[in-house]
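Work through the following exercises with the sequence and the structure side by side, and try each task before reading its solution.

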Amino acid sequence: MQILITGTSKGLGSGLAAYYLGRGDSVYGISRTSNEMLDKQLGFHFLAQDLSDFDAMAKTVPGFFKKAGNFDLVILNAGLLPEIKDLKDCSLDEIAPVMDVNVWSNKILIDLLISNPDKPGQVVAVSSGASVYGNRGWNAYSISKAALNMLIKLYAAEQPETHFSSIAPGLIDSGMQDYIYSMPHDPRFPSLDKLKEAKTSGEMPAPAEAARIFAESVIKARGEESGSFLDVREM
Ligand SMILES: NC(=O)c1ccc[n+]([C@@H]2O[C@H](COP(=O)([O-])OP(=O)(O)OC[C@H]3O[C@@H](n4cnc5c(N)ncnc54)[C@H](OP(=O)(O)O)[C@@H]3O)[C@@H](O)[C@H]2O)c1
């Protein structure tokens with residue numbers, strides 16, 4: 001299979017790239033920084049690109065996609081977690097880059113992919129439980145993931161040839177969780193305490209294991225209605 005994955009430098013994205021390469025698939029990865037281990041592998045193609053720089057994307061991404069020809073599977077995984085704080089304390093300038101990476105870069109990528117007569121077979125957006133929980137402190141992240149779910153639902157309605165879904169991957173012991181773990185206790189944000197507890201009690205798989213679970217969910221998602229929001233913990 002030919003697979004496009006965004007955010008392959010670390011975390012879930014690097015785990016997914018390693019998983020699919022291990023199966024003999026060709027993986028096309030995009031992130032700002034490269035991953036030395038993936039770079040050495042045959043079948044891995046990499047584009048160093050900031051997904052918040054839409055002008056640069058217009059110049060680099062079409063050529064990268066042309067090299068691949070078509071994609072059987074696209075995993076829109078790159079994501080940004082802003083500082084945990086109340087929404088009232090977030091300026092629109094702080095919110096914009098979160099929406100750019102977590103939502104609008106995916107619109108740009110999907111629009112390019114569906115302009116190819118050979119459309120992708122399946123597009124999966126990496127969502128989050130935060131898209132539906134509304135826990136205090138998750139500000140623009142929750143808004144961006146809720147918008148991502150709807151973006152996927154709308155494309156599903158427009159593009160019947162491609163199967164779309166957004167899937168919450170559960171907890172992953174990645175850089176994102178390291179940031180949460182480093183935060184001081186704050187009684188306003190009780191969800192952080194639960195995450196810190198999960199990190200130390202073995203409830204948070206490492207990226208390689210989270211990728212294996214996520215890849216199984218990608219297959220199961222095909223049996224669900226296109227445009228669905230799914231959660232690996234309920235599949
Ligand atoms: N960790 C969790 O428990 C958890 C839970 C629910 C959902 N998720 C979601 O799972 C996905 C992966 O998260 P993770 O935990 O693996 O995070 P991570 O370790 O922080 O990795 C994030 C990835 O996104 C890429 N990225 C971020 N900003 C980018 C930009 N401007 N341009 C290009 N690439 C960019 C990063 O690459 P560069 O920095 O090299 O650009 C990196 O490869 C995210 O969508 C996240 O929201 C994670």
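**Exercise 1.** Is the crossing of α1 and α9 left-handed or right-handed?

*Solution.* The model is a predicted one, in which local features need pLDDT of at least 70, side-chain atom pairs count only at pLDDT 80 or more, and totals for chains, interfaces and linings use all residues. Residues are numbered from 1 along each chain as its sequence is written. Begin with the packing: α1 and helix α9 (residues 207-221) meet at an angle of about 65°, their axes being 8 Å apart. Since angles of 65 to 115 degrees count as roughly perpendicular, α1 is therefore roughly perpendicular to α9. The crossing itself is right-handed, a term that applies if the near helix is turned clockwise from the far one by less than a right angle.

**Exercise 2.** Determine whether the end-to-end span of helix α3 agrees with its number of residues, and then locate its kink.

*Solution.* The expected span is 1.5 Å times one less than the number of residues, so the 15 residues of α3 (residues 54-68) should span 21 Å, which agrees with end C-alpha atoms 21 Å apart. After α3 comes Gly69, with a positive phi near 85°.

**Exercise 3.** Describe the residues around the ligand.

*Solution.* There are 28 such residues, each with its C-beta atom, placed from the backbone, within 6 Å of the molecule. Those that come nearest are Gly7, Gly11, Arg32, Gly79 and Ser174. Helices α1 (11-22) and α7 (175-182) each contribute at least two residues to this shell.

How values were computed
Helix = DSSP H or I, 4+ residues; strand = E, 2+ residues; numbered from the N terminus. Bend = angle between axes of the 7 residues up to and from the residue. Axes fitted to C-alpha atoms, helices over the stretch in contact; angles between N-to-C directions. Parallel < 35°, antiparallel > 145°, perpendicular 65-115°, else oblique.
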